[in-house]
Amino acid sequence: MTLKIVAATLVLVTLPALSFAMCSDRKHQAQSCAPGTTWDAVSESCVAQINS
């Protein structure tokens with residue numbers, strides 16, 4: 001019985017830490033730019049849209 005409690009505790013402590021670590025390297029943010037501008041991933045900002 002003690003082994004089951006220890007195993008369950010280990011799982012409950014480890015899973016949230018692993019899920020946080022897997023998502024920490026990505027940026028999950030919605031970006032909305034003003035009309036006439038577009039999102040530039042390189043500069044990470046809104047830039048004027050050029051129509052050719």
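A residue counts as buried under 20% relative accessible area, as exposed over 50%, and as partly exposed in between, using a 1.4 Å probe and protein chains only. Keep that scale in mind for this predicted model, where local features need pLDDT of at least 70, side-chain atom pairs count only at pLDDT 80 or more, and totals for chains, interfaces and linings use all residues. Residues are numbered from 1 along each chain as its sequence is written, and side-chain values use heavy atoms, with hydrogens and water left out.

Let's start with the overall layout. The chain holds one helix and two strands, in the order α-β-β from the N terminus; helices (H or I, at least four residues) and strands (E, at least two) are DSSP runs, numbered from the N terminus. Of the 52 residues in the chain, 0% are buried.

Now to the strands. Strand 1 (residues 37-40) and strand 2 (residues 45-48) run antiparallel and are joined by four bridges; pairing requires that DSSP finds at least two bridges between two strands. Thr-37 has Ala-48 in strand 2 as its bridge partner.

The structure has one disulfide, meaning a pair of cysteine sulfur atoms within 2.5 Å. Its partners are Cys-33 and Cys-46, with sulfur atoms 2.1 Å apart. Cys-33 sits in the loop between helix 1 (2-23) and strand 1, while Cys-46 belongs to strand 2, so the pair ties together parts 13 residues apart in sequence. The link of Cys-33 and Cys-46 is left-handed, with -85 degrees about the S-S bond.

| Cysteine | Relative accessible area |
|---|---|
| Cys-33, partly exposed | 23% |
| Cys-46, partly exposed | 31% |
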